[in-house]
Amino acid sequence: MAFKLHGSTGSTCTRRVALIAKERNIPYEFIPVNMSVAEHKQPPHLQHQPFGQVPFIVQEDGFELFESRAIGRYLTTFGSGPQLIPTEPKAYAKFEQAAGIEYAQFDPIAAGITVEKIFKPRYGQATNEKHLEGLIAQFESKLNGYEAILGKQKYLAGDEVTLADLYHLPYGKWVFVDLGLGDLDKRPNLKRWWNDISSRPSWQAVKDGV
Amino acid sequence: MAFKLHGAKMSTYTRIVAVIAKERNVPYEFIAVDFKAAEHKQPPHLQHHPYGQVPYISQDDGFELYESRAIARYLATIGSGTQLIPTEPKAYAKFEQAASVEYAQFDPIASGIAWEKIIKPHFGKVTDEKRVEELVALLEIKLDGHEAILGKQKYLAGDEITLADLFHLPNGNIVFERLEYGFLDKRPNLQRWWKDISSRPSWQAVKDGA
């Protein structure tokens, strides 16, 4: 049941996996990948993760998986704790709708903003200001959708928390907390939801590093 | 079982739903959303799709869903024909890994290129060539990942086709066929796979309009 989590302690996607492991009470051993020497771009790593990224996991029987959201989904099939993916067919369809909101609506924009404002400057690359402007405008528009949905139900898929909500945490911390975007004070439903999911003990345990 | 597909004939994501409906022999009635009149941004539409996009579907019993991949996953559980999501737990985990490769690695970049090179000019806006350069360079790296995976197995999740392969079709058609970047030229595995999935009757039936 336990697994080795190969990744980087500050990485958004590594923390996404650690978060779900905490939710499901599944123990893991963290194995740091040395990104400062580009270990993740070398052939041995590429055998495990062909896109040269982190994280990937390894289990005792040799089973391996990469893509943090796929790993998170896999972790909900064992361990114990909140269900995180509904089983009833129509509730499950609504979960996939909410999962889609996270990876197709939120993530490209939130990750894009974080790359332009934080990562590019950090690595001495030039921010594409026009693109960033466009992203921030899109972000505002998307958040109106969130505000509408969360005015009718407690979480994105319905009244139970699911992976779709939790997957927002790593980049949500960057954009809502570290960069102060999103105008949460003018979006009470979004604010309520963000406070709820970000106060979960599982996130508190990994938000500053796995 | 049948459904109403609200969308735009040539929309990438409307055609994703259409291709999976064809694969699963699920009949649908196509209802055009009037983009010229910005129907998709008006309150009646926003009741069905809070992000002001297409597609969404509605069924006779009143059940509605948006997010094309969520709809596709739902269609994979009804109708008949090719099983597009494995059921065995570890094969299913590998499917989720491949599904994530599509929505997290491929789509944000490919759809970004499509947006700059095809959609923006169509609406009289100026392509950001610097951004396109960046995106093309990124996509080259991603496709090396696809090439490596497809050198070991027939499809992205294993030796059986799944939704993860088919979700590449609309944006793949743009970046591999309509635009001439030569992504397939030095990647024989990718080329083999692309020929295979793009020749399926389900795609031929909808590629020029849902």
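Colleague: So helices here are DSSP runs (H or I) of at least four residues, numbered from the N terminus. Going by that, in which helix does Trp115(B) lie?

Modeller: Helix 4 of chain B, which covers residues 89-122. One thing to keep in mind as we look around: this is a predicted model.

Colleague: Let's switch to the two chains. How many residues of chain A are in contact with chain B?

Modeller: 36 residues of chain A, and they touch 35 residues of chain B. About 3,300 Å² is buried between chain A and chain B, with 55% of that coming from carbon and sulfur atoms.

Colleague: Which residues in chain A lose the most area to chain B?

Modeller: Phe51(A), Lys90(A) and Tyr103(A), which together account for 20% of what the chain A side buries.

Colleague: And how many salt bridges are there between chain A and chain B?

Modeller: Five. Among the salt bridges in the model is one between Glu134(B) and Lys120(A), where the closest N and O atoms are 3.2 Å apart.

Colleague: What other partner does Glu134(B) meet, within chain B?

Modeller: Arg131(B), in a salt bridge of 3.6 Å from N to O. Glu134(B) and Arg131(B) are three residues apart in helix 5 of chain B, so about one helical turn separates them. Glu134(B) is partly exposed because its relative accessibility is 27%, whereas Arg131(B), at 15%, counts as buried.

Colleague: Which residue forms a salt bridge with Glu140(B)?

Modeller: Arg187(B), with its closest N and O atoms 2.8 Å from those of Glu140(B). Arg187(B) sits in the loop between helix 7 and helix 8 of chain B while Glu140(B) is in helix 5, so this pair ties together parts that are 47 residues apart in sequence. Arg187(B) is buried, at 7% relative accessible area, and Glu140(B) is partly exposed, at 28%.

Colleague: Nice. What about Asp107(B), which residue is its salt-bridge partner?

Modeller: Arg69(B), at 3.5 Å between the closest N and O atoms. Here helix 4 of chain B is tied to helix 3, because Asp107(B) lies in the former and Arg69(B) in the latter, 38 residues apart in sequence. Asp107(B) is buried, with 8% relative accessibility, and Arg69(B) is buried too, with 4%.

Colleague: And in chain A, what links Arg69(A) and Asp107(A)?

Modeller: A network of salt bridges, which also includes Arg16(A) and Glu102(A). Over all chains, the whole structure has 26 salt bridges.

Colleague: Which residue has a positive phi although it is not a glycine?

Modeller: Leu84(A) is one of them, with phi of about 65°. Leu84(A) is in the loop between helix 3 and helix 4 of chain A, and it is buried, at 3% relative accessible area.

Colleague: Where is the cis peptide bond involving Pro55(A)?

Modeller: It runs from Val54(A) to Pro55(A), with omega near 0°. Pro55(A) lies in the loop between helix 2 and strand 3 of chain A. In chain B, a cis peptide bond joins Val54(B) and Pro55(B).

Colleague: Last one: what does UniProt say about residues 88-210 of chain A?

Modeller: The unreviewed UniProt entry annotates residues 88-210 as "domain: GST C-terminal". In the model that span is 70% helix and 0% strand. The entry also places "domain: GST N-terminal" at residues 1-83 of chain A, a span that is 31% helix and 19% strand.

Technical notes:
Residues numbered from 1 in each chain as written. Chains lettered and ligands numbered in written order. Predicted model: local features only at pLDDT ≥ 70, side-chain atom pairs only at ≥ 80, totals over all residues. Heavy atoms only, no water. UniProt positions renumbered as here; feature names shortened; annotations may be inferred. Helix = DSSP H or I, 4+ residues; strand = E, 2+ residues; numbered from the N terminus. Contact = heavy atoms within 4.5 Å. Buried area = accessible area lost by both parts, 1.4 Å probe. Salt bridge = Lys/Arg side-chain N within 4 Å of Asp/Glu carboxyl O. Buried < 20%, exposed > 50% of the residue type's maximum accessible area, 1.4 Å probe, protein only.
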